Protein chains: 2
Amino acid sequence: MIHEILIDGEWRQASHPAGSFSTIDPGTGKHLPGAYPISTWTDIKDALEAAAQAVDELARAGPDRIAAFLEAFAEKVDGRREELVAMAHLETALPVEPRLRSVEFPRLVDQLRQAAQACRDRSWCRATIDTKLDIRSKYAPLGGPIIIFSPNNFPFAFNAVAGGDFAAALAAGNPVIAKANPGHPGTTRILAGAAPESLKASGLPGAAVQVLYHFAAEEGLRLVSHPSVGATAFTGSRAAGMKLKEAADRAGKPIYVEMSSANPVFILPGAIEERAADIAGELFNSCLLGSGQMCTRPGLVVLVDSPGSRALIGQVKDLYVSSEPGILLGPQVLEGLKEASARLARSGAELVTGGREAGGPGFRFQPTLFLLSGAGFLRNPRYFQVESFGTLSLIVLARDIGELKEIASSLEGQLTATIYSHSGGHDDAVHDAIEPFLRRKSGRLLNDRMPTGVAVSPAMNHGGPYPATGHPGFTAVGFPASILRFAALQCYDHVRPGRLPVELRDENPTGKMWRLIDGDWTQKSL
Amino acid sequence: MIHEILIDGEWRQASHPAGSFSTIDPGTGKHLPGAYPISTWTDIKDALEAAAQAVDELARAGPDRIAAFLEAFAEKVDGRREELVAMAHLETALPVEPRLRSVEFPRLVDQLRQAAQACRDRSWCRATIDTKLDIRSKYAPLGGPIIIFSPNNFPFAFNAVAGGDFAAALAAGNPVIAKANPGHPGTTRILAGAAPESLKASGLPGAAVQVLYHFAAEEGLRLVSHPSVGATAFTGSRAAGMKLKEAADRAGKPIYVEMSSANPVFILPGAIEERAADIAGELFNSCLLGSGQMCTRPGLVVLVDSPGSRALIGQVKDLYVSSEPGILLGPQVLEGLKEASARLARSGAELVTGGREAGGPGFRFQPTLFLLSGAGFLRNPRYFQVESFGTLSLIVLARDIGELKEIASSLEGQLTATIYSHSGGHDDAVHDAIEPFLRRKSGRLLNDRMPTGVAVSPAMNHGGPYPATGHPGFTAVGFPASILRFAALQCYDHVRPGRLPVELRDENPTGKMWRLIDGDWTQKSL
């Protein structure tokens, strides 16, 4: 049996599919029942055509109905929690507790509700009014569907048909064409199943949410560069992200790619003196979380060489050795870790622990640490910042503070950078020497806590300088900021009052929306 | 004598230049005295290295000093008004009055002062604080110089070393490497002359403002994709913009290109009945302004065929015929107009008036109108939307409202779109049918006024969907929004209070800065 795709509000068989695929239970290595179609351009074309209609219908429907949809959808999804948790666990082998049921699932529902609130509130569109010149502007939908490619590691929170990008794209008023991650098509199918009814109940077109399971890479390039597309959001590997980015850039289509990050953690000497055991534990927990398959996992740990640092490494090693290797998302993650280990060993890094496939059931790799001198790292900083997806980190021991600083200055763009330092200020001089480099090269800077765990907050930045993402000005997490990725700035110059969108009329449309009027943010009407 | 370039705070001769160029007085066609160097990578490298130092020094200096510089610079530039107006007139042949002295020069000075105010105010950085989770974020400088390529048509307001991009890049805290437009190097030199002293007086590094006059196209590609660059702003031709965009995109470097626009003006039947003569006059004035060398000049005028429309065209034609052809910026603009005329004639458009080089002195082309049927336009809409830089517009006569709508739906991305309609509502149905297309495809929508004249307002959008620019979310004109192009989003997650930038500390650093705290915009301290 081949599952149906969701096009223009209807579940239907793929037209002229290039084949089908089934996914693997990573806990057993066995194929799960049910097959999913590999779509060809026929299906994509149908989705694009339906989406073009949905663009206009969504514009007419307005934010209140879209917010109602997001809430109804959240409600329906919430009602299928157990079914979804069971399916996501089956497809990803991520632990049911606490991860899937108590962390990621509530986050998914909360994101949808936050997006609904931002959509209804309308402050996200940054309505700006110059009363003297009668010029008004705001952000508006892009006029084409948002294509969402979602990653393998968050079957709920980043799911193409329900996660953060999805919620942000809809909140901005755009239809979505979701490309499921082939690692969890069943989870995606159940989530998508909640869409048509919620759309209908909210008076939105069925084509506002469409789902394809898979298509060839070249069809993806064709899709993201298609004239009728609004923008693309991609979370995944650097190799795939770079190809999509190139295609979209050439066509002048906005694309937001979140590709990879080493997430450097600098542990300064005073912090090691003060609380080495605590930090070892935090590092261990952060690196093992989700079997290390997190975009913000610490992949690079930098310390100054000292007996204390060596002791800390010993403590981390002991924790690693005594831990149970987690199940990986699939064979390709296992292969990636084998390759990454071989690559680091080949380049002169010393294996501290792990480095090999672990016993089953399921795909497992020993939690792995490599060690390298600062001089070794500085011979090829770019090489040693390549993300290894899974529990594999490189610890770099700098000879002294000068070398630590040099390492900090050699970093590429990262999602996060972290500094652990002495609570009493013993490390302040070192902190101040490295902070400017870490700050400039990362989207999120942390003190004294590990970077895994990305709160859905208006102040969050899940983004960062290239090559972590494609543009340093945008975040993929947090409302209302993440919505702006999927919006165009539109100015109304002496447009007649009755023709203005309600957000730009004299009267505040909700009584609470924040607008920038003559230089002041206000909730008042004019 | 070869003029000096401005590198690291010092005027010096170019090292190993590839040659030199002089510019032409467009009013006489004769070369102006003085030559300017064509730099090679040696100079660019020096500028990049000095800029890398300036990045840190500007970060330490902070916004108050940068604002002080922008104000001191504005003051000094203002003091050289007559010298600048004379030089700009000599190099561009743009009229001294009102254009250069009373319109563009005051705008230049005003922009610098608005940028200074935005910089000191700091609200532009959108400080966002989540007190519950202790996460804080704001926009910050990009950590590398902004490369500015400026156009030929605004020697003051868009000058690489004093115009809108310059002011926005500095206000965000970035150093600037200005690439002068080779059409007005003398104007650029005088403007740049005001920089070193103002920088010194404000305690800023000399390398915060550096100037090169020219370099080969391939050096430009190398520059915009250089690892140490922050971002690039380009205003100019589509051909050059596309090449720079491709190079920057590949390197993952932000680039903002403003390339070209046909600026469609739709004049609806009721408006023609009501006030054809007025509209003819407005269209004439808008198209002749600056000899038509404006990014927002109406290049495409769309009407429904009728005796009234024909009469309006006749009135516009009479105005064109009786007008004096203005002097163009240079021989390349003249060549461009000859080619554009030949191109339109070849493709079946009917010449209404003009179409040929006009008598001297200086480079002149007859104000030109072409006429085409809606069916003719729809045979190749993209072909007929190519910008013709100068006073050359294409009038399209639609057979009926249906064809008018089809034309509206075939538009590419534009800086502006304009609708003239009956003041009493007779055109409302037609307006509502075409508005969604025009709205979606333009950065700025106007009613009942021509698009030339871009006010420096917080609500302005001088931008628009591709291919007018490279990203629909950014404006090149208006503070504070234009500043955001040159900034990175930076999040502080549990960063110790004393380490936060002042804009994110509990106390409001100015007492007036707007911050988004727990969902509300406020000027209060925490």
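How many residues of chain B are in contact with how many residues of chain A? I looked this up in a predicted model, where local features need pLDDT of at least 70, side-chain atom pairs count only at pLDDT 80 or more, and totals for chains, interfaces and linings use all residues. Residues are numbered from 1 along each chain as its sequence is written, and chains are lettered from A in the order in which they are written.

Entry 1, the chain contact. I found 56 residues of chain B in contact with 56 residues of chain A, contact meaning that the C-beta atoms, placed from the backbone, lie within 7 Å. Strand 21 of chain B gives the largest share of its side, seven residues, strands being DSSP runs of E with at least two residues, numbered from the N terminus. I noted that 100% of the interface residues of chain B are also interface residues in chain A, so the copies meet through the same surface.

Entry 2, strand pairing. I saw that strand 20 (residues 442-447) of chain A pairs with strand 21 of chain B in the parallel sense over three bridges, where pairing requires that DSSP finds at least two bridges. Within strand 21 of chain B, B:D493 is the bridge partner of A:L446.

I superposed chain B on chain A by a rotation of 180° with 0.0 Å of shift along its axis, RMSD 0.0 Å, using least squares on the C-alpha atoms of residues with pLDDT of at least 70 in both. The two copies are therefore related as by a two-fold rotation axis.

Methods
Two residues are in contact if their C-beta atoms, placed from the backbone, lie within 7 Å. Helices (H or I, at least four residues) and strands (E, at least two) are DSSP runs, numbered from the N terminus.
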